[in-house]
Amino acid sequence: MSTEAISENDSIAADSAVRPAVVPRQYLLPFILTTCCFALWGFANDFTNPLVKVYENVFIISTSQASWLQFAFYTGYFCMALPAAFFIRKFSYKAAIMVGFAFYALGALFAVPAASSASFGLFLLGSYILTYGLAFLETACNPYILAMGPRETATQRLNLAQAFNPIGSLVGMSVATLVLAPQLMTGDFRTKLGSGDESYTKHLVVMDDVELAGLPAGAKLANVQLADESVVKVYNAVPDFENTVGALDGAMPNALKAFRANDPAGFQTMQDADLGTVKKPYIIVAGIVIAFLAIFMFTKMPTFKQEEKDAPFWEIASRIFARSRFREGVMAQLFYVGAQIMCWTFIVHYGMEQVDLTLGQAQGYNIVAMVIFLCSRWICTFLLRYISPGKMLCFFSLGALGFTVGAIMLPGFTGLYSLIGISSCMSLMFPTIYGIALHGMEEEESKLGSAFLIMSIVGGALLTKFQGGLIDAYGIRTSFWLPAFCFVMIAIYGLRTFTRFEKESRTLSV
């Protein structure tokens with residue numbers, strides 16, 4: 001063998017010593033199977049987001065009321081994360097993942113009775129139960145991935161696994177855009193109403209015999225009670241939908257209520273058809289989840305059993321919460337998840353109200369945002385090999401803040417493009433906050449720490465519901481000051497990470 005070849009081999013060996021494998025070979029199959037779980041909960045998250053707008057129309061409720069869907073969905077994480085952690089402590093990561101699949105499938109199948117009975121409450125219950133499963137999956141899978149290799153590459157490994165989460169999200173969004181939206185009869189109703197079709201505009205309760213003196217064309221008059229006791233606004237003329245921002249979305253509830261009062265059988269047919277369309281993807285994904293349950297049942301997975309028994313719950317909890325990087329990380333994760341869900345849920349409202357897009361078109365822009373998110377996630381996973389997580393988190397949070405302000409201040413498509421741009425900055429946040437918060441923890445600590453970080457997903461419930469109320473009260477653009485505030489808080493955590501926490505870690509390692 002030549003001297004040059006020996007030198008080259010020595011160089012490769014030295015490089016391998018400096019950079020440990022992100023996923024060691026012995027964990028490759030378990031890593032792949034566990035990473036599939038990230039895609040499965042990504043589907044559930046992002047198929048749910050556009051349903052807020054769908055339920056607004058199908059059940060004729062306000063944005064704030066429809067936001068109970070996200071509240072139910074993300075509250076399930078909060079309620080089940082700690083029980084999932086206790087389950088993992090007693091049994092194993094694999095067992096917890098299997099329980100997660102069971103809850104996931106059960107919650108998805110709740111769509112069948114919910115659609116049959118046209119019950120918004122049952123849809124909420126199904127979403128709540130489904131996220132019991134997601135809480136088990138996320139509480140188990142995140143620390144499981146961290147454990148599948150050396151600590152030095154744990155954050156990179158989690159970012160790699162999390163990079164497959166947007167693939168599931170893209171599938172969920174695509175199903176909503178390409179399968180759900182085109183089949184919705186309420187979507188067709190909105191299109192024909194906006195086109196001025198008289199068989200639909202008649203439902204706006206235009207009353208020619210009302211005194212109109214001094215009122216401009218299209219002005220709203222008084223509340224009117226219909227035959228079914230619902231209340232609508234009376235118009236003296238059909239609003240100018242083409243040239244008035246938000247006019248079509250503002251008229252939809254009035255037209256739908258009048259349609260329901262004047263033709264209850266026709267409205268019932270439309271509602272049943274739309275809810276039947278909603279339930280089909282849930283049935284299919286339930287079957288897929290059950291198949292994964294069977295795969296995990298018959299596949300040998302690493303256990304990472306400890307020789308010593310885990311310390312008592314309160315002892316571990318007090319130990320991890322004594323660390324400011326973890327304590328602040330939980331809060332940063334709450335703000336991040338809230339911001340993410342707000343941006344991805346209400347991009348549909350923004351597109352429909354500010355640019356007069358259809359549901360399918362608005363959801364198409366959500367897909368663009370997710371593609372950007374996915375590409376950025378892969379780029380960030382690479383950059384984390386060279387740039388500290390804290391610096392990247394701070395920089396990307398400030399970028400997200402800038403895009404959010406753009407969505408608030410800029411009109412029309414420019415504001416929509418700015419809203420889409422937020423996704424490029426959000427891509428690294430969840431796994432990076434997660435990795436920073438759990439850095440340096442022992443196995444027993446990371447199990448419990450993971451549960452508290454999953455509980456912080458409740459930010460998606462609380463903040464999305466809050467923004468729904470802001471939309472009803474102040475409009476869609478003003479409501480985005482709430483996610484802007486969230487990005488400020490995340491930037492502060494990133495700043496503290498690279499100015500304090502990372503320096504502390506380097507000092508301890510020396």
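Hi everyone, let me start with a term: a salt bridge here is a side-chain nitrogen of Lys or Arg within 4 Å of a carboxyl oxygen of Asp or Glu. A quick word on the source: this is a predicted model, where local features need pLDDT of at least 70 and side-chain atom pairs count only at pLDDT 80 or more, while totals for chains, interfaces and linings use all residues. Residues are numbered from 1 along each chain as its sequence is written, and side-chain values use heavy atoms, leaving out hydrogens and water.

So, how many salt bridges does a search of the whole structure find? There are 9. Take Lys53 and Asp249, whose side chains meet at 2.6 Å, N to O. They sit 196 residues apart, Lys53 in helix α3 and Asp249 in helix α13; helices here are DSSP runs (H or I, at least four residues), numbered from the N terminus. Are these two buried or exposed? Lys53 is buried, at 4% relative accessible area, and Asp249 is buried too, at 12% (buried means under 20%, exposed over 50%, partly exposed in between, with a 1.4 Å probe and protein chains only).

Next, please look at Arg319 and Glu445, another salt bridge, at 2.9 Å, N to O. This pair also links distant parts of the chain, Arg319 in helix α15 and Glu445 in helix α22, 126 residues apart. Arg319 is partly exposed at 27%, whereas Glu445 is buried at 2%. Salt bridges with shared partners also join Lys53, Glu56, Arg190, Asp249 and Glu353 into one network.

Finally, a local example: Asp188 pairs with Lys192, with closest N and O atoms 3.3 Å apart. Both lie in helix α11, 4 residues apart, so about one helical turn separates them.

Key:
Helices (H or I, at least four residues) and strands (E, at least two) are DSSP runs, numbered from the N terminus.
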